[in-house]
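Here's a quick walk through the model, going from the strands to the helices and then out to a few loops. Keep the viewer open while you read.

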Amino acid sequence: MKFINEGAWKYLSVKLPILGAFLMLVLIPALQWALDFQVIPQQHHALIIGIIIPALAWIGKKIAQPELHQSTSSAQIQAFASVLPTTQKIFMLGVRSINNLKGVHPDLVKVVKRAIQISECDFTVIEGVRTAARQAELVKQGASQTKNSRHLTGHAVDLGAWVNGTVSWDWKYYYQIEKAMKQAAKELDIPIEWGGDWKTFKDGPHFQLPWGYK
Ligand SMILES: [Zn+2]
C-alpha cells in the first residue's frame with residue numbers, strides 16, 4: 001500500500017506557499033485591522049506588534065518562498081495591504097469631541113459618529129450646544145450672523161478639520177468632511193444642511209438639522 005504518492009509532494013508544494021501567503025496577506029492584515037479598530041485590548045498591542053506579527057511574517061516568508069526571501073518583505077506586505085479596504089485609515093472621535101456632542105440632538109450625533117468612520121479627513125467637534133450668551137457674543141464679534149442659531153437647541157455642530165495635530169481651516173478638508181457627513185446622513189436617512197452650501201456667509205465647519213426637524 002502506498003500512502004504518499006508522487007503527486008502529494010506536488011500538492012504540498014502548492015499548499016505551503018498558500019499557507020505562507022495566508023499568513024502574510026490575510027492573517028497579518030487582519031491582526032492589523034483588529035489593532036486599528038481596538039478590537040484587541042490595548043495591553044496586548046505591544047505583544048502583537050512586537051512579536052506575533054513579525055513571527056507570522058517570518059514564518060510566512062519561509063514557507064511561501066524560502067529561497068527568494070533573504071531580506072524582509074514587509075514592503076510587499078504593505079503594498080498589498082494598502083489595496084485592501086480593511087486597512088483604510090479610520091478615525092475616531094476624541095474625548096473632547098464626545099464631550100462637545102453632549103446635549104446635541106441624537107440624530108445629529110448619529111450622523112457625526114458615522115461620518116468619522118468614513119471621512120477621508122479626521123475632524124474634531126469644536127462646538128455643539130451653545131448658550132444664548134455665547135451666541136450673542138459671537139454675533140457681536142461678527143463670527144455669527146444670527147441670534148437664532150441651531151446651536152442653541154442642539155440642532156447644529158461645528159466640525160474642525162484635524163490635520164497634523166491641529167485644526168485646519170483649509171477648505172479642501174471641509175469638502176472631505178462635507179462628503180462624509182452627507183454620505184452618513186444619507187445612509188441613516190437623516191436630513192442635514194451644510195453651512196458651506198449657504199449662498200452668503202459660507203460656514204464650512206457648520207452642519208445642522210433643518211429648521212422644523214424635531
Ligand atoms: Zn455652527
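## Ground rules

Two strands count as paired if DSSP finds at least two bridges between them. Helices (H or I, at least four residues) and strands (E, at least two) are DSSP runs, numbered from the N terminus.

This is a predicted model, where local features need pLDDT of at least 70 and side-chain atom pairs count only at pLDDT 80 or more, while totals for chains, interfaces and linings use all residues. Residues are numbered from 1 along each chain as its sequence is written.

## The overall picture

The protein chain has seven helices and five strands. Read along the sequence, they come in the order α-α-α-α-α-β-α-β-β-α-β-β.

Buried residues make up 25% of the 214 residues in the protein chain. Here a residue is buried if 20 or more other C-beta atoms lie within 10 Å of its own, exposed if 12 or fewer, and partly exposed in between, with C-beta atoms placed from the backbone. As for contacts (C-beta atoms, placed from the backbone, within 7 Å), take those in the protein chain with a separation of 6 or more: 66% of them are between residues 24 or more positions apart.

Let's start with β2, residues 156-163. Seven of its eight residues are buried, so β2 is largely enclosed by the rest of the structure.

Which strands does β2 pair with? One is β1 (residues 123-127), which pairs with β2 in the antiparallel sense over four bridges; there, Thr 124 stands opposite Gly 160 of β2. Another is β5 (residues 206-208), antiparallel to β2 and joined to it by three bridges, with Asp 158 opposite His 206 of β5. Then there's β3 (residues 166-168), also antiparallel to β2 over three bridges. In that pairing, Trp 162 has Val 167 of β3 as its bridge partner. The hairpin of β2 and β3 has two residues between the strands, and Asn 164 takes a positive phi near 50° there.

## Where α5 meets α7

Now for the helices. α5 (residues 106-118) and α7 (residues 171-188) pack at an angle of about 120°, with their axes 8 Å apart. The axes are lines fitted to C-alpha atoms, for helices over the stretch in contact, and angles run from 0 to 180 degrees between N-to-C directions. The two helices are therefore oblique to each other: angles under 35 degrees count as roughly parallel, over 145 as roughly antiparallel, 65 to 115 as roughly perpendicular and the rest as oblique.

On the α5 side, the residues in contact are Lys 110, Val 111, Arg 114, Ala 115 and Ile 118, and they meet Ala 180, Met 181, Gln 183, Ala 184, Ala 185, Glu 187 and Leu 188 of α7. By class, this contact has eight nonpolar, one polar and three charged residues. For the classes, Ala, Val, Leu, Ile, Met, Phe, Trp, Tyr, Cys and Pro count as nonpolar, Asp, Glu, Lys and Arg as charged, and the others, Gly among them, as polar.

Two other residues in these helices are worth a click. Val 109 lies in α5 and counts as partly exposed because it has 19 C-beta neighbours inside 10 Å. Leaving aside residues up to four places away in sequence, Val 109 touches Leu 101 and Val 104. Over in α7 sits Lys 179, partly exposed with 15 C-beta neighbours inside 10 Å. The C-alpha atoms of Lys 179 and Ser 119 are separated by 7.5 Å, though the two residues are 60 apart along the chain.

## Out in the open

Is helix α6 (residues 132-141) largely in the open or enclosed? Of its 10 residues, the number buried is zero, so α6 lies largely in the open. Gly 142 follows α6 and has a positive phi, near 85°.

Next, some loop residues. Asp 189, in the loop between α7 and β4 (193-194), has a positive phi near 55° despite being a residue other than glycine. Asp 189 counts as exposed, with 7 C-beta neighbours inside 10 Å. Phe 201, in the loop between β4 and β5, is another non-glycine residue with a positive phi near 55°, and its 11 C-beta neighbours inside 10 Å make it exposed.

Finally, Trp 169 lies in the loop between β3 and α7. With 11 C-beta neighbours inside 10 Å, Trp 169 counts as exposed.

Technical notes
Contact = placed C-beta atoms within 7 Å.
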